[in-house]
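I opened a new page for this structure and wrote down what I looked up, entry by entry.

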Amino acid sequence: MKKIMQTAPCRFCGQMVQFEGEVDLTDPQKEELATMTCTCDRAVEYQKEKQRKEKALKNVSVLFGEDAAPEKRIGEGIVNILRAAVEEIYSGGLAKVTLNLRGGVKASISQNSKGEINVERTETKKQKLTE
Ligand SMILES: [Zn+2]
C-alpha cells in the first residue's frame, strides 16, 4: 500500500499533526495515527499505555501462543481469553486474571503499581504415585 504524508488532529490537544500513512485511511485511523505522533503530554501517555498493551499481547504469544515452542502452545480459544484479559486490564476493567489450565499450567495476567502489564506462566509438576 502506498504511503503519503497527511494531517489529522490529535485526539487530546486537537493540534493538526503530520504523519505518514496509507492513502485509504478512515478518519478514526487518521486520528489514531496523529495521536500516536503528537508530542503533547496526554498523547505521549497514551502512546506509552498502548505500547504496554502491545508488549503484553506479544508476551502472551511468546509464552502461550504462536511464538511459543510447540510443546508450550495452548489452545487458540484460551489464548484468545488471555488476549481479551490484556484488553480488559489495559482499559481498567480488570486487575488480574489467572487461568488454571489442564496439566498444571497457570496463566496469569496482572498490572503492577507502575502500570506495567505482567504476563506469567507457571508450571507446577507434581509427581504422585498412588497404589
Ligand atoms: Zn496532542
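**Entry 1: a surface patch**

I note at the start that this is a predicted model. I looked for nonpolar side chains on the surface and found a patch formed by Met-1, Ile-4 and Val-23, with about 290 Å² of accessible area together. I then placed Val-23: it sits in the loop between β2 (16–22) and α1 (27–37). Val-23 counts as partly exposed, because its relative accessibility is 41%.

**Entry 2: the zinc site**

Which protein atoms hold the zinc ion as donors? I found the SG atoms of Cys-10, Cys-13, Cys-38 and Cys-40, lying 2.3 to 2.4 Å from the ion. Along the chain the donors follow the spacing C-x2-C-x24-C-x1-C. I checked the geometry of the zinc site, and it is tetrahedral, with angles of 104 to 116 degrees among the 4 donor atoms. Cys-38 and Cys-40 are both buried.

**Entry 3: salt bridges**

I searched the whole structure and got 9 salt bridges. In one of them the side chains of Arg-52 and Glu-49 meet at 2.9 Å, N to O. These two are 3 residues apart in helix α2, so about one helical turn separates them. Arg-52 is partly exposed at 24% relative accessible area, and Glu-49 is partly exposed at 22%.

I next took the salt bridge between Glu-87 and Lys-53, where the closest N and O atoms are 3.2 Å apart. Glu-87 lies in helix α3 and Lys-53 in helix α2, so this pair ties together parts that are 34 residues apart in sequence.

**Entry 4: around Lys-72**

Lys-72 is in the loop between α2 (41–63) and α3 (76–90). I put Lys-72 down as partly exposed because its relative accessibility is 32%. Leaving out residues up to four places away in sequence, Lys-72 touches Leu-63, Phe-64, Arg-121 and Glu-123. Lys-72 and Arg-121 are 49 residues apart in sequence and 10.0 Å apart in space, C-alpha to C-alpha. Arg-121 and Glu-123 meet in a salt bridge through their side chains (2.9 Å, N to O). Glu-123 is partly exposed at 34% relative accessibility.

**Entry 5: Ser-110**

I found Ser-110 in strand β4 (residues 105–111). Why does Ser-110 count as buried? Its relative accessibility is 13%, and buried means under 20%. Not counting residues up to four places away in sequence, its contacts include Ile-89, Ala-95 and Ile-117.

Key:
Residues are numbered from 1 along each chain as its sequence is written. This is a predicted model: local features need pLDDT of at least 70, side-chain atom pairs count only at pLDDT 80 or more; totals for chains, interfaces and linings use all residues. Side-chain values use heavy atoms; hydrogens and water are left out. Patches are made of residues with over 30% relative accessible area and no salt bridge: like charges are joined within 9 Å, nonpolar side chains (Val, Leu, Ile, Met, Phe, Trp, Tyr) within 5 Å. Accessible areas come from the Shrake-Rupley method with a 1.4 Å probe; for residues, only the protein chains shown count as cover. A salt bridge is a side-chain nitrogen of Lys or Arg within 4 Å of a carboxyl oxygen of Asp or Glu. Helices (H or I, at least four residues) and strands (E, at least two) are DSSP runs, numbered from the N terminus. Buried means under 20% relative accessible area, exposed over 50%, partly exposed in between (1.4 Å probe, protein chains only). Contact means heavy atoms within 4.5 Å. Donors are N, O and S atoms within 2.8 Å of the metal (3.2 Å for Na, K and Ca); water is not among the atoms, so sites may look incomplete. Four donors count as tetrahedral if all angles lie between 85 and 135 degrees; four count as square planar and six as octahedral if opposite donors are over 155 degrees apart and all others between 65 and 115; anything else is irregular.
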